[in-house]
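Let's take a walk through this structure together, moving from the overall fold down to single side chains. Keep the viewer open as you read.

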Amino acid sequence: MPPKHQRRSHTKSKRGCSQCKVRRIKCNETGPRCNNCERRQITCDFQLSPDERPAPRRTESASASDRASGTPPVPAPAENGNSSAQISSFNPFDAPDLISIKKTTDLDIGDLQLLHHYTTVLAYDLANHNSGDALMLWQKAAVELGFKHDFLLRGLLAMSALHQSYLHPQRKTEFDLRASTHQSIAIHSFQETLGNVNETNCHALFAFSCVIIVLSFASAAKEKASDFQADVIHWLYLLRGGNEVLKLYRERLRSSFLKPLLDELHYAENHTSHNIDDVDRIMDLFPLCSPANLGNDKDKSAACTLAIHALLSTFVQASILRKRGEGTVLASFVWSVNLPPKFLEMLSEKQPEALVILAHYCVLIYWGEMQDTWFLVGWARYMLDTIKELTPVEWHEHLAWPDGIIK
């Protein structure tokens, strides 16, 4: 006798593109770009050549075995002897959860409350309240990856604690302690993982490099000039780590759920610089960095010149966005991640030429502060006052413009 409720049979296809698999949605499997990727305007597997396409995922039985044992999936060898195409098939959301590896956790109810605050409040703030894909990135994808990479989970919890500290100053000591604990663990784990960047962790590493921006600004004491090295220089070096991940896996990251973030970070619009207010203030920095003014040190001159060119480009893009009433924070941080190592070295040595360039960058930080960016409150003035304290008096005339802008 047949069962009363016979299920309709269907064939489960595994030929969908990797983007649809990541989002766990049905793919219509048609090229050159499936309907979902076409709607989101991202790269689809069907646009790629056979050599570039991700390899088929492992069998369900193997995946189930891996999940049970906590062993990450190992790509099968490529038939042509080149494993890079096979490695690129790794889905970052298929990595084992931390609980399957560590078995125990030191997280408590207070940390669950931080995670709740992050997903219900802070994620919307990070997504600028205006992009569904950006909200999916911060509210869903980042949390899922955090369950697989301890540095990212700790980073999200630290960021949430710092936001709570800002919102509830009467509980500042409590939240700052939680933030400091999570941030310390996160930074240590992040720096260790940077020594072994691969396609199984590049998404989480890059996402955390953006979290570092918030952590660095929100957690700084901003009390005295001696904090400058830790508060400013340290985060500039950490941001370079995220940039190195981007250089290694640019296309991989750009075709993933991180696309909205990368699009905003690398937004560029052609615009003649002479139509931008105060752009001449940035241009005035070039003569300060001529070899003649730097003891004929061509390396220092080149580093400062590159930093000024990057600042000029960032200033133009931020000015365009600001004139439209749009947020400028992410656009402003593009300058930070592209600084030459030699320029960072000059900042560490507190050389006046580098400090004057940084002082002009403070104007962009101030713009972000004026847009009610909570983690930037007080930063522009702190940085500028510190720079004034560190530079000889004869250089102060070059600080007049930012000093007149920043209140």
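Predicted model: local features only at pLDDT ≥ 70, side-chain atom pairs only at ≥ 80, totals over all residues.

Let's begin with the whole chain. The protein chain contains 20 helices and 0 strands. It has 407 residues, 50% of which count as buried. If you take the contacts between residues at least 6 apart in sequence, 70% of them join residues at least 24 apart. The accessible surface is about 20700 Å², and carbon and sulfur atoms account for 53% of that area.

Now turn to the interior. In soluble globular proteins, nonpolar side chains tend to be buried together. Here the largest nonpolar core holds 118 residues, and the members with the most contacts inside it are Tyr118, Trp138, Phe206, Phe208, Phe333 and Phe343. To see what surrounds one of these, select Phe208: leaving out residues up to four places away in sequence, Phe208 touches Phe151, Leu152, Gly155, Ala186, Ile187, Phe190 and Leu215. There is also a second, separate core of 6 residues, among them Cys20, Cys27, Cys37 and Cys44.

Phe343 leads us to helix α17, which spans residues 341–348 and whose buried residues are Phe343, Leu344, Met346 and Leu347. How are these buried residues placed around the axis of α17? They fall within an arc of 155° when seen down that axis, so they line one face of the helix.

Side chains of opposite charge can pair when their charged atoms come close. Elsewhere, salt bridges with shared partners link Arg381, Asp385, Lys388 and Asp403 into one network.

In total, the chain has 15 salt bridges. Another one sits in helix α11 (residues 228–248), where Glu244 and Lys247 are 3 residues apart and so about one helical turn from each other. Their closest N and O atoms are 3.5 Å apart, and Glu244 is partly exposed at 34% relative accessibility. Arg171 and Glu174 make a salt bridge as well, at 2.8 Å from N to O. Arg171 is partly exposed, with a relative accessible area of 38%, and Glu174 is partly exposed with a value of 38%.

Finally, let's follow the chain out of α17. Lys350, just after this helix, adopts a positive phi of about 55°. Gln351 lies in the loop that runs between α17 and α18 (352–370). Is Gln351 buried or exposed? With 12% relative accessibility, Gln351 counts as buried. Its side chain makes a polar contact of 3.2 Å with the side chain of Lys300. Setting aside neighbours within four places in sequence, Gln351 is in contact with Lys300 and Met346. Met346 brings us back to α17, where it is one of the buried residues.

Note on methods: Residues numbered from 1 in each chain as written. Heavy atoms only, no water. Helix = DSSP H or I, 4+ residues; strand = E, 2+ residues; numbered from the N terminus. Buried < 20%, exposed > 50% of the residue type's maximum accessible area, 1.4 Å probe, protein only. Contact = heavy atoms within 4.5 Å. Areas by Shrake-Rupley, 256 points an atom, 1.4 Å probe, with all protein chains shown as cover. Arc of directions from axis to C-beta. Core = buried A, V, L, I, M, F, W, Y, C linked by side-chain atoms within 4.5 Å. Salt bridge = Lys/Arg side-chain N within 4 Å of Asp/Glu carboxyl O. Polar contact = N/O pair within 3.5 Å; in protein donor to acceptor, adjacent residues only side chain to side chain.
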